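My entries follow in the order in which I looked.

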Amino acid sequence: MTKLKTKRKSVYDRILQTASDLFYREGIRNVGIDRIIAESGVAKMSLYNHFKSKDALIEAWLRQEDEKWCRWLKTTVEQQTSEPAKQLLAIFDALREWFESPDFRGCAFINASVELANPDHPGYRVALEHQQAIYHYIKTLAQAAALTSPEQLARQLLLLVQGAIVVAMMEGSWSTASQAKKAAVILIQTAST
């Protein structure tokens, strides 16, 4: 009989996964390095061999989240439609899906920027880069849809996206995505003329 080997996560991955779960669920400031070490089952030296500080761990976590979230958004939107103007609206349908998930606790990037507060913190910079990536994605769709003033429209739609996320987190309501989508329809119609 052949034994099946289960692939164990690397130390780096265990640390990052544990930090990810804890930071998102409980907040960055509420989770200390000792807790991450205990829950990931690694030695303190192992953590510091992979991440020189908590700030470096926060930055790595947010970079990983950025990659996953942006990939999820694009995939979810593209599964709904291939038309750029409709994809702009599909962003809000994707948000609704996210808001309805049982573990939704807002946006890791908005939460991190509020907790970190310092624009020079590496995690804060990643949060800002994430926001800019969403803006560029929206702008690219607006340009592909041949809408007027794609930069301005992208900024307006980004405000709707970010606002919907914050209100959904604070109120525990997914309906904010639908409300934001209604406002987006008006903005897109205006940019179509």
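I looked up the largest pocket and found about 470 Å³ of space in it; a pocket here is an open set of points on a 1 Å grid over the protein atoms alone, with protein on both sides within 12 Å along at least five of seven lines, and lining residues have an atom within 4 Å of a point. For the volume, grid points are joined across faces, edges and corners, and the space filled by probe spheres set on the points is taken. I noted that this is a predicted model, in which local features need pLDDT of at least 70 and side-chain atom pairs count only at pLDDT 80 or more, while totals for chains, interfaces and linings use all residues. Residues are numbered from 1 along each chain as its sequence is written, and side-chain values use heavy atoms, with hydrogens and water left out.

The lining of the largest pocket has 18 residues, and Tyr24, Glu65, Lys68, Trp98 and Asp103 lie nearest its centre. At least two lining residues come from each of helix H1 (11-26), helix H4 (54-80), helix H5 (84-100) and helix H6 (108-116), where helices are DSSP runs of H or I of at least four residues, strands are E runs of at least two, and both are numbered from the N terminus. H1 gives the most, with 5 residues. By class I read 8 nonpolar, 4 polar and 6 charged residues in this lining, with Ala, Val, Leu, Ile, Met, Phe, Trp, Tyr, Cys and Pro counted as nonpolar, Asp, Glu, Lys and Arg as charged, and the others, Gly among them, as polar.

**Cavity.** How many cavities of 30 Å³ or more does a search of the whole structure find? I found 1, a cavity being a set of points where a 1.4 Å probe fits but cannot get out. The largest cavity holds about 40 Å³ of space, and its lining includes Phe23, Tyr24, Ile28, Trp61 and Arg105 as well as Ala108, Asn111, Ala112 and Glu115. H1 and H6 are the elements that give two or more residues to this lining, and H6 gives the most, with 4. The cavity lining has 6 nonpolar, 1 polar and 2 charged residues.

**Helix pair.** I then followed H6 to helix H7 (residues 122-144): their axes come within 9 Å and cross at roughly 145°, the axes being lines fitted to C-alpha atoms over the stretch in contact, with angles running from 0 to 180 degrees between N-to-C directions. Phe109, Ser113 and Leu116 in H6 meet Gly123, Tyr124, Ala127 and His130 in H7, contact meaning heavy atoms within 4.5 Å. The residues of this contact divide into 4 nonpolar, 3 polar and no charged.

**Backbone.** Phi of Ala146 is near 60°, and Ser149 has a phi of about 45°. Ala146 is found in the loop between H7 and helix H8 (150-171), and Ser149 lies in the loop between H7 and H8. Ala146 counts as exposed because its relative accessibility is 65%, whereas Ser149, at 41%, counts as partly exposed; buried means under 20% relative accessible area, exposed over 50%, and partly exposed in between, with a 1.4 Å probe and protein chains only.
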